[in-house]
Amino acid sequence: MLTRAPLSLLYLNVLVIATCGLVYELLAGTLASYVLGDSVTQFSFVIGVYLSAMGVGAWLSRYIHDHLARVFIEIELALALLGGISAPALFLAFPFVDWFAPLLLGMVFVIGVLVGLELPLLMRILQEHLEFSDLVSRVLTFDYIGALLASLLFPILFVPHLGLVRTSLAFGILNGVVGLWSTYLLRPLLSARGLDRLRLRGGIVLVLLSVALLKADQLTLLAEESVLGGSIIHSTQSPFQRIAITRKGKGFQLFLNGHLQFNSTDEYRYHEALVHPAMLGSKPPEKVLILGGGDGLAVRECLRYPSVQSITLVDLDPAMTGLSERFQPLKELNDAAFSDPRVRVVNDDAFVWIGADDTTYDVAIIDFPDPSNYSIGKLYTTRFYRLLRERLKPDALVTIQCTSPVVAPKSYWCILASMQSSGFHIRPFQATVPSFGIWGFALASPQPLGDVPPLDPSITGLRFLTDEAMRAMFELPGDIRQVATEVNRLDNQILVRYYDEEWHEPQ
Amino acid sequence: MSPNKHVDNLVPSSRIGRVDALSRRELLQAVLGTSSLALTGCNRTALPQAGDYLAQDFALGHRLRDPSATVALPTDWQSVPVVIVGGGIAGLSAGWRLLRQGFRDFLVLDLEREVGGSSRSGNSGRFQFPWGAHYITTPMADNVELIELLQEMQIVERLEQDGSPIVAEQYLCREPEERLFQNGTWIEGLYPALESTEDDQRQLEEFQLSMHQWSQRRDADGKRAFTIPIARCSTAEEFLKLDQLSMAEWTRQQGWTSARLRWYIDYACRDDYGLTIDRTSAWAGIFYFAARLRSDRSESQNVITWPAGNGHIVQYLSQLLKAQLRTGQLVYRISPTKPGRAEAQSAQLQPADDHKTESPVYLTTLDGQTGVVRGIAASRVIFAGPQFVAQRVIDGMAERRALTSNFRYSSWLVANLHLSARPRASGFPICWDNILYDSKSLGYVVSTHQSGIDHGPTVITWYYPFANVEGKLSRDQLLRLEWSEWADLALTDLEQAHPDIRQLVKRIDIMRWGHAMIEPGPNFLWSDARRSAAQPLGAVHFANTDLSGIALMEEAFYHGVRAADEVLANGVRSH
Ligand SMILES: Cc1cc2nc3c(=O)[nH]c(=O)nc-3n(C[C@H](O)[C@H](O)[C@H](O)COP(=O)(O)OP(=O)(O)OC[C@H]3O[C@@H](n4cnc5c(N)ncnc54)[C@H](O)[C@@H]3O)c2cc1C
């Protein structure tokens with residue numbers, strides 16, 4: 001027989017169960033809209049699946065006849081574990097699974113079933129002690145209060161202060177504590193046999209979740225999110241750099257060490273401008289070299305040309321090229337460029353690699369990050385450009401991204417001057433990329449450059465470039481005028497200093 | 001590397017005698033100097049599992065010092081017109097000069113199994129790294145011979161109108177060149193600028209101006225007061241008198257009291273000469289700065305460096321001299337008469353005796369590996385080892401001993417640390433040269449810097465000069481400490497800037513340089529003793545950096561070329 005005190009405590013139990021259940025649901029909905037976008041769809045799917053799963057749980061509860069209290073506790077522990085790890089597990093799985101939406105909804109379904117089982121079981125446990133009307137009114141009241149608490153606190157308190165991963169783990173722990181506590185509350189209804197084992201299991205669940213909470217720092221991206229200004233859907237620290245992908249608005253964004261690399265909504269402007277002037281200007285290009293560009297987006301543009309026999313992409317970071325190969329949204333964006341048999345990925349420092357390579361190329365596309373530190377700065381030096389020249393056919397064409405000529409004119413013209421002093425003929429051009437502003441590029445060749453190339457009607461899929469847009473890129477507006485700069489050499493690395501001054505960044 | 005190679009040097013500290021224990025501890029403390037470092041003895045668990053413990057070849061070197069180690073008389077004699085003893089920069093440069101002048105009939109002998117002397121380098125398969133000398137400065141237009149060598153090596157690409165060399169970009173030290181760890185963070189450059197006062201700044205500017213003025217000073221004949229090589233410096237009294245006082249004293253006389261400036265100058269003295277500011281001659285101290293400034297520019301001549309350090313030059317020259325080089329050959333006697341003349345073998349000897357010059361010189365050599373003793377009769381010998389060896393090896397040096405007895409040498413310890421990744425640090429990013437303000441070491445040089453390998457494993461070279469310890473005592477200290485103790489000292493020193501260094505280090509190779517550098521203390525550089533030591537002795541000519549009184553590649557090169565020219569001027573002939 002249960003005494004009076006535990007009875008009221010059991011209502012508390014209902015409250016916690018209800019809060020946890022709803023928090024898991026909200027987590028799944030938020031996470032889905034973070035990573036997949038389109039929050040209306042995601043939330044309505046999640047809510048629908050969750051509610052119907054609760055119905056399934058309620059219906060299944062009729063098949064449970066014996067050991068109600070024990071089964072109730074088992075379910076609570078299972079829920080604690082599953083709900084607790086739901087957000088971190090989904091985050092971790094996201095980059096690497098093709099069937100993310102089914103995985104997420106499946107998880108929501110199982111959680112819903114378990115939550116759906118809980119209340120009927122608890123009501124049946126309590127029915128011996130209470131009037132039926134009393135029972136229903138009290139249990140449902142606490143259930144709805146729990147739901148209210150969860151829905152208010154989740155957006156106001158938990159997400160902003162704990163983030164999704166920690167909220168998930170924290171509620172798992174709360175859920176587990178309640179489960180363990182119930183082994184004492186419901187002690188009179190539990191047989192002594194196997195009680196210790198049950199408590200041990202509860203203990204293990206709590207330990208697991210607590211460890212995960214302590215380690216959550218590596219997953220917790222709150223601080224970064226506030227810097228990057230979007231919700232982070234993936235983030236890793238490779239030996240070379242911090243890679244973060246955020247979702248904001250309709251698109252997603254790639255950041256390397258906090259520097260925006262592209263926004264999926266307008267990257268086509270950048271990559272069409274970067275790639276096609278060289279590809280169209282060259283005789284049908286066969287061998288293409290891409291330096292940097294681990295996102296595979298320049299590769300995507302190059303693969304539009306049937307003449308291309310091979311593309312060698314040299315990017316320092318295997319974590320970056322790996323992400324482009326496997327991370328679903330990115331893989332979709334680059335049209336699975338890395339699966340094309342013509343593409344060869346080399347993970348090496350381009351500076352070291354270029355001194356050792358012996359192929360000669362028709363086209364080279366240089367898409368390095370901006371020269372914000374010395375180890376990138378060396379890739380913009382006359383030494384590097386001279387080594388690059390040795391890797392090019394005499395009539396080869398090169399395009400290069402060279403930061404913003406409006407924000408950082410000295411940096412921009414320094415890059416051009418350095419190429420020129422390494423024996424390249426050079427022509428500046430610019431394009432507008434909303435996420436970046438006005439962006440600077442240059443077309444270069446060991447030979448004098450001809451006219452701006454016309455588009456080739458057989459190359460399809462271009463969204464930004466037209467013949468007019470192409471010509472317009474090479475018409476410099478009045479506020480982009482050459483400024484005198486020094487030449488960037490290994491032994492002065494003047495470009496890093498210009499860049500630093502102009503973008504006001506430390507290092 | 002030299003044959004006394006140990007991999008297992010993890011000697012437990014219990015092996016250290018009890019009486020000795022305290023003084024060892026004090027010694028360990030003294031080496032790093034910083035009182036904040038509470039060395040508790042060797043922390044064995046925190047050391048990497050392996051490392052070489054190297055030194056200049058003891059086994060062979062010992063033969064020189066121990067007169068009782070009688071060596072058999074040579075049975076096998078050959079005659080060679082010219083023999084160069086010593087395959088350091090000086091000896092190799094002499095060989096280079098002979099070849100360039102079309103003379104091929106000579107040998108270069110070195111007692112070590114690897115040539116290069118204090119400019120040699122190591123190789124881990126993946127990386128090259130220096131064991132000693134690691135850079136040179138871009139020569140001025142008038143150092144024609146050195147420019148010739150550098151052109152031949154394709155390091156100098158072409159010359160400016162006035163003959164100044166233009167060095168290929170990849171050999172000039174890549175920016176960022178140097179940083180200093182001060183007050184818990186790294187700052188750019190060498191000067192400890194953090195928390196410096198206006199007065200510090202003013203004194204620094206005065207000092208820089210003064211060095212610039214010295215770099216422009218010329219004597220009545222138009223000779224520069226300070227230039228490289230030293231042999232081309234003015235000998236006007238107004239300049240030479242600087243040699244009579246220490247750099248510390250001279251600094252004081254200028255009214256410079258800034259502790260930061262003193263640190264900066266002291267660092268320069270320790271770095272170039274292995275001596276503290278108060279043990280360095282003021283002439284040498286000023287030379288360090290002024291000789292590298294072009295009179296028309298305020299910036300120092302650019303540094304030229306390679307992953308292997310000056311080992312790059314050694315590799316080039318020894319490749320060129322492949323046919324002439326013999327390593328593992330100790331020359332332990334050079335004498336005007338044939339050893340054991342009474343013996344029957346003398347009949348077999350046919351030295352080149354048809355020269356107008358003096359009679360031949362007889363060299364006795366010991367093969368370090370086989371123990372075979374051989375004799376060489378040579379018309380001319382270039383002795384390119386240091387003077388302290390010359391004293392022991394050359395008959396007839398006795399009278400000269402008075403001259404050369406004040407040639408003193410400092411000791412250095414060099415550790416190459418093989419790291420699995422770059423150490424974490426705050427502030428200015430990693431440079432080629434990384435110096436610690438609060439340390440007696442000179443910090444470290446990054447071997448991969450010049451090749452542009454900026455991530456992942458690397459080898460860093462840690463330099464420790466015994467800057468405030470007299471030569472003999474320093475050699476004693478150098479040899480008393482075990483590999484594990486030196487490894488621990490290096491790590492403890494670096495830990496102040498890189499707390500994660502012990503996790504990153506996979507291997508530490510250590511080299512003890514007993515007679516590392518000639519010491520340019522006061523009253524040595526411009527003494528008669530130093531100047532006349534380069535005079536030939538009979539048919540023996542001398543070439544080594546110590547003849548300049550300072551240890552520099554350019555000086556060793558100068559003496560090598562000079563000695564080769566002396567030999568050629570004497571009309572040696574090929575067989
Ligand atoms: C730690 C350290 C760092 C240095 N850093 C620099 C630097 O950065 N830049 C710079 O310019 N200089 C530097 N130096 C100075 C360096 O000594 C000179 O640059 C140059 O290498 C000296 O060459 P050398 O030929 O005169 O003498 P050594 O290098 O001493 O060569 C003498 C050679 O003779 C051999 N030898 C001696 N006796 C005999 C014998 N009896 N028989 C056979 N062989 C014999 C020796 O084995 C040795 O190989 C550094 C020195 C040290 C120790």
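Chain A of this predicted model carries an open sheet of 7 strands, and reading across it gives the order β7-β6-β5-β8-β9-β11-β10, with mixed pairing. At the two edges sit β7 (343-346) and β10 (425-433) of chain A, each of which pairs on one side only. Going from one strand to the next, the twist averages 15°.

Helix α8 of chain A, residues 267-281, packs on this sheet. It touches β5, β8 (361-367), β9 (392-401), β10 and β11 (437-445) of chain A. If you set its direction against that of β9(A), the angle comes out at about 165°.

| Strand pair (chain A) | Sense | Bridges | A bridge pair |
|---|---|---|---|
| β5 (residues 287-292) and β6 (residues 310-314) | parallel | 5 bridges | Val288(A) and Ile311(A) |
| β3 (residues 251-256) and β4 (residues 259-263) | antiparallel | 4 bridges | Gln253(A) and Asn263(A) |

How big is the contact, then? The size of an interface is often given as the accessible area lost when the parts come together. Here, the area buried between chain A and chain B is about 1,500 Å², and carbon and sulfur atoms give 53% of it. Looking at chain A, the residues that lose the most area to chain B are Tyr374(A), Leu490(A) and Asp491(A), together accounting for 34% of what that side buries. In residue terms, chain A puts 20 residues into the contact and chain B puts in 17 residues.

What about the charged and polar pairs? The rule finds 4 salt bridges across the interface of chain A and chain B. One of them links the side chains of Arg497(A) and Glu175(B), at 3.0 Å from N to O.

Which helices of chain A each supply at least two residues of the side that touches chain B? They are α12 (350-354), α13 (374-377) and α14 (382-390) of chain A. Of the elements involved, α14(A) gives the most to that side, with 3 residues. By type, the residues of the side of chain A that touches chain B split into 6 nonpolar, 7 polar and 7 charged.

Pro176(B) is placed in the loop between β8 (165-167) and β9 (178-182) of chain B.

Another cis peptide bond joins Ile228(B) and Pro229(B), with omega about 0°. For Pro229(B), the place is the loop between α5 (198-216) and α6 (237-240) of chain B.

Glu195(B) is a residue other than glycine, and yet its phi is positive, near 60°. You'll find Glu195(B) in the loop between β10 (185-188) and α5 of chain B.

How values were computed:
Residues are numbered from 1 along each chain as its sequence is written. Chains are lettered from A and ligands numbered from 1 in the order in which they are written. This is a predicted model: local features need pLDDT of at least 70, side-chain atom pairs count only at pLDDT 80 or more; totals for chains, interfaces and linings use all residues. Side-chain values use heavy atoms; hydrogens and water are left out. Two strands pair if DSSP finds at least two bridges between them. Axes are lines fitted to C-alpha atoms, for helices over the stretch in contact, and angles run from 0 to 180 degrees between N-to-C directions. Contact means heavy atoms within 4.5 Å. Buried area is the accessible area (1.4 Å probe) that two parts lose on being put together, summed over both. Ala, Val, Leu, Ile, Met, Phe, Trp, Tyr, Cys and Pro count as nonpolar, Asp, Glu, Lys and Arg as charged, and the others, Gly among them, as polar.
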